[in-house]
Amino acid sequence: MHHSSRMKVCVYLEAAELFSRSGFYAAFKNHLRALEAVGADYTTDPGGRYDLLHLHWFGPRSLRFLRRAKRKGIPVVIHAHSIGRYDFAGGFTGTRLLAPVYEKLVDRIYSQADALFAPSEFAAGTLKARGLGPVYVVSNGADLSRFRPDEKRRARWRKKLGLEGFVVYCSGNVLPRKGVLEFIEVAAHFPKLSFVWFGKHWGPLAFYPRMEWKIRRAPRNVRFAGFVDEPEGAYDACDLFFFPTHGETQSLVLLESASLGKPMVLRDIPAFSSLEHGVHCLKGNSVEEFVQAIEAVISDTELRERLSAGARGFAQDHGLPAVGKRLLYLYRKILEGKA
């Protein structure tokens with residue numbers, strides 16, 4: 001490992017400030033911290049010198065550096081935060097029509113990489129099935145030192161948000177794909193509990209009349225709290241993470257909630273296949289099943305504690321040191337394959 005131990009990588013996210021409120025910005029930052037945790041030599045300047053280029057997005061500048069790297073024989077890894085139409089359709093208005101075109105564009109770009117990183121087995125499998133690859137699974141990571149339970153912070157945030165009693169929460173952009181309608185429907189079954197949704201509400205930009213109508217007529221125990229800058233405090237103020245999403249590649253919010261040891265009720269979707277029902281979380285597929293699961297968590301202290309411990313255990317595998325080790329191992333593997 002003599003010379004290769006001084007391998008230098010460039011991790012690049014184009015227009016980072018534009019994405020500062022998105023999951024892949026958080027993943028990008030986590031990967032930088034993960035590389036720091038294992039003492040790796042990295043830069044975020046694609047104009048500099050490096051042995052491998054790891055792109056977190058594919059705007060015009062990224063593509064220019066991708067072509068430059070290809071010319072110089074520098075291996076390129078693209079981080080597949082998006083796996084095509086699966087996570088694109090159902091995002092914003094008009095996306096269904098654009099989705100197939102978008103997927104073709106994604107595939108054209110992805111096929112130029114020497115390797116792809118995908119955040120879950122499910123995402124990796126989807127890409128492999130389209131003939132892309134090699135694909136390696138690399139977690140988006142969770143900063144476990146930041147997302148750990150803290151009684152003082154919890155009390156402060158409960159006061160700040162005006163929360164009392166048992167609180168169920170979800171987090172993500174307010175979009176139908178995230179399960180907003182089911183969240184509201186389930187809340188109607190629990191008038192005595194508070195249901196809080198954290199995340200940006202795009203309003204008319206992502207206009208789904210039915211969803212907007214439902215949000216305006218949501219029961220009184222449902223609150224849309226908007227984007228929060230200190231998610232670790234806001235989530236810690238709540239008691240159960242309920243995520244009825246219809247599709248994720250890997251959910252950062254889930255990792256953060258697990259890291260805080262929150263009992264979790266999730267929709268049974270492929271991206272969550274590595275979480276075991278009854279061990280790390282409870283899973284359901286319908287409003288009735290979600291209601292039953294939440295009832296079980298509220299009424300059974302022993303179950304609540306078991307799920308909390310299970311969630312924290314699950315999060316450990318996604319800690320930054322573990323992710324840093326995985327990145328270094330894969331970077332070396334890809335470099336050796338090119339050599």
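Visitor: How many aromatic pairs does a search of the whole structure find?

Guide: The search finds 15 aromatic pairs, where rings of Phe, Tyr and Trp (its six-membered ring) pair if their centres lie within 6.5 Å, and planes under 30 degrees apart count as stacked, over 60 as edge-to-face and the rest as tilted. This is a predicted model, in which local features need pLDDT of at least 70 and side-chain atom pairs count only at pLDDT 80 or more, while totals for chains, interfaces and linings use all residues. Residues are numbered from 1 along each chain as its sequence is written, and side-chain values use heavy atoms, with hydrogens and water left out.

Visitor: What makes Phe198 and Tyr235 count as buried or exposed?

Guide: Buried means under 20% relative accessible area, exposed over 50% and partly exposed in between, with a 1.4 Å probe and protein chains only; Phe198 has 1% and Tyr235 has 3%, so both count as buried.

Visitor: How do you know that the charged end of Arg64 sits over the ring of Phe65?

Guide: A charge sits over a ring if NZ of Lys or CZ of Arg is within 6 Å of the ring centre and within 35 degrees of the ring normal; the charged end of Arg64 is 5.7 Å from the centre of the Phe65 ring and is listed as sitting over that ring.
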